[in-house]
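Keep the structure open beside you and try each task before reading on.

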Amino acid sequence: MSRQILGLSVLFGTLSFIQGLGEPTTGLVTQPVLSMLKQWGLNAREIATFVALLGLPWCLKPLCGLLSDFVPLAGYRRKSYLVLATLAASLCFLLLYLLPLSAGARNLLFAALLLPALAITISDVVLDALMVEAGQSLRITGWLQSICCGASYLATLLTGVWGGSLTEERQQQLGFLMCGLLTAVTLLLAVVYVREPRDRPCESGFRPATKAVRESLRSPGVLAVGLFLFAWHFNPFSQSVLYLHMTGALHFSERSYGHTVSIIAIGSIAACVFYGLCCRRIPMRWLAPVSIVSGMLSTLTYYWPMADGASAAWVSMLAGFTYMMASMVLLDLAARACPVQAAGTVFAMFMALCNISAGLSTWFGGYCYEAASAVWGSALGFDLLLAVSAGFTGLSWLAARRLPRELLA
């Protein structure tokens, strides 16, 4: 059993690490893309809209989950989709490296990034489904979630350093080449190490899965978890607003901002390790309120003045730790609520709610920041956005009160 858990941890950790590097809205190419848009003259609202639209494939996760649960490819429900998605993402990133991108090529850049975003969404759905199936059978959902999230933020640590350096040296397109090559490694791992029985009987798997989905949509527990996730993730304060504020109003260099992203990742990794060690010792009824308080703290931390690199580092470390602690609780709660027969679909529905909420709030936050900055200045506009965002997170307590007792054990 220990060998099995170790093998699953290494496999899921590696796949999550590479996926974190390649994700277009939060990975290695995120800061280079933001800097390109900024150099092309886009304002805060336009950049926030670009990022929000690029995240739309994440809203299609339930559809990807349905395909993975109900429509096997070449006899596999998971492996075939993972192979095809990583192959498509790798080819698209390599194509982006070869495309000439000049000022005014916003639409071309968006179209070229949208397909990798969709491919990585599909691979994320498959990885989540594999994690839920293995985690529930071994009762280690919290442990596997901490491994996956820790690996993702280890990737974020590197993307902060590499992304800042590429942006500072105006080598933005080199990031596309790096993502293409790294995603090709995922393709190799999916082909060689992802084990799944072939030719599963579609008849015996389809009916229980559809029944589980119907029951889940009527389940008060699943509905309560979905409402809680949506409410918690509606936070208008976003990474794009933080980037514009730090590199604009606070005059941080691109490299310095990249370092803060890496420090956020260090705090997040620490939170993943802490949660992985204590998640089975603390009941969920205590962890759910902690997620709300931690979410508010992760936003309010930015009230601390960031006058230099040292103060920005401390703020970023605390923000990363508190945000990730809250996120780990929410992911564990979502994994516990999923029926095994339709793990890909239901977990994808949960994540889609999170992404829809985050996308709407990102657009709303960019609009509010630009409007408030035009009237009261960037400093006060930023502070007002922090207060509004923390207030929205606090309101998620109303949804948390509806969580069923069996999930809070």
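**Exercise 1. Find the handedness with which H2 passes H7, then describe the packing.**

Step 1. H2 passes H7 in a right-handed crossing; a crossing is right-handed if the near helix is turned clockwise from the far one by less than a right angle, and left-handed if anticlockwise. Helices here are DSSP runs of H or I with at least four residues, numbered from the N terminus.

A word on the model before going on: it is predicted, so local features need pLDDT of at least 70 and side-chain atom pairs count only at pLDDT 80 or more, while totals for chains, interfaces and linings use all residues. Residues are numbered from 1 along each chain as its sequence is written, and side-chain values use heavy atoms, with hydrogens and water left out.

Step 2. The axes of H2 (residues 30–39) and H7 (residues 141–168) come within 8 Å and cross at roughly 30°. Axes are lines fitted to C-alpha atoms, for helices over the stretch in contact, and angles run from 0 to 180 degrees between N-to-C directions.

Step 3. Name the arrangement. The crossing angle makes H2 roughly parallel to H7 (angles under 35 degrees count as such).

Step 4. List the residues. H2 supplies Gln31, Pro32 and Ser35, and H7 supplies Gly160, Gly163, Gly164, Leu166 and Thr167; contact means heavy atoms within 4.5 Å.

Step 5. Sort them by class. The contact of H2 with H7 has 2 nonpolar, 6 polar and no charged residues. Here Ala, Val, Leu, Ile, Met, Phe, Trp, Tyr, Cys and Pro count as nonpolar, Asp, Glu, Lys and Arg as charged, and the others, Gly among them, as polar.

**Exercise 2. Decide whether glycine 160 is buried or exposed, and find what it touches.**

Step 1. Glycine 160 sits in helix H7.

Step 2. Its relative accessibility is 1%, so glycine 160 counts as buried (under 20% relative accessible area, with a 1.4 Å probe and protein chains only).

Step 3. Leaving aside neighbours within four places in sequence, glycine 160 contacts Gln31, Gly258, His259, Val261 and Ser262.

Step 4. Compare with another residue of this helix. Threonine 156 also lies in H7 and is buried, at 14% relative accessibility. Beyond four places in sequence, threonine 156 is in contact with Val261, Ser262 and Ala265.

**Exercise 3. Describe how H14 packs against H13 and against H15.**

Step 1. Start with H13 (residues 284–300) and H14 (residues 309–337): they pack at an angle of about 140°, with their axes 8 Å apart. Their crossing is left-handed.

Step 2. Look at the classes in this contact. The residues divide into 11 nonpolar, 5 polar and 2 charged.

Step 3. Turn to H15 (residues 343–376). The axes of H14 and H15 come within 9 Å and cross at roughly 145°, and H14 passes H15 in a right-handed crossing.

Step 4. Identify the contact: Leu331, Ala334, Ala335 and Ala337 of H14 meet Phe347, Phe350 and Met351 of H15. By class there are 7 nonpolar, no polar and no charged residues.

**Exercise 4. Count the disulfides.**

Step 1. Apply the rule that a disulfide is a pair of cysteine sulfur atoms within 2.5 Å. The count comes to 0.

Step 2. Check two cysteines for burial. Cysteine 278 is buried at a relative accessible area of 12%, and cysteine 354 is buried at 5%.

Definitions and conventions:
Helices (H or I, at least four residues) and strands (E, at least two) are DSSP runs, numbered from the N terminus. Angles under 35 degrees count as roughly parallel, over 145 as roughly antiparallel, 65 to 115 as roughly perpendicular and the rest as oblique. Buried means under 20% relative accessible area, exposed over 50%, partly exposed in between (1.4 Å probe, protein chains only).
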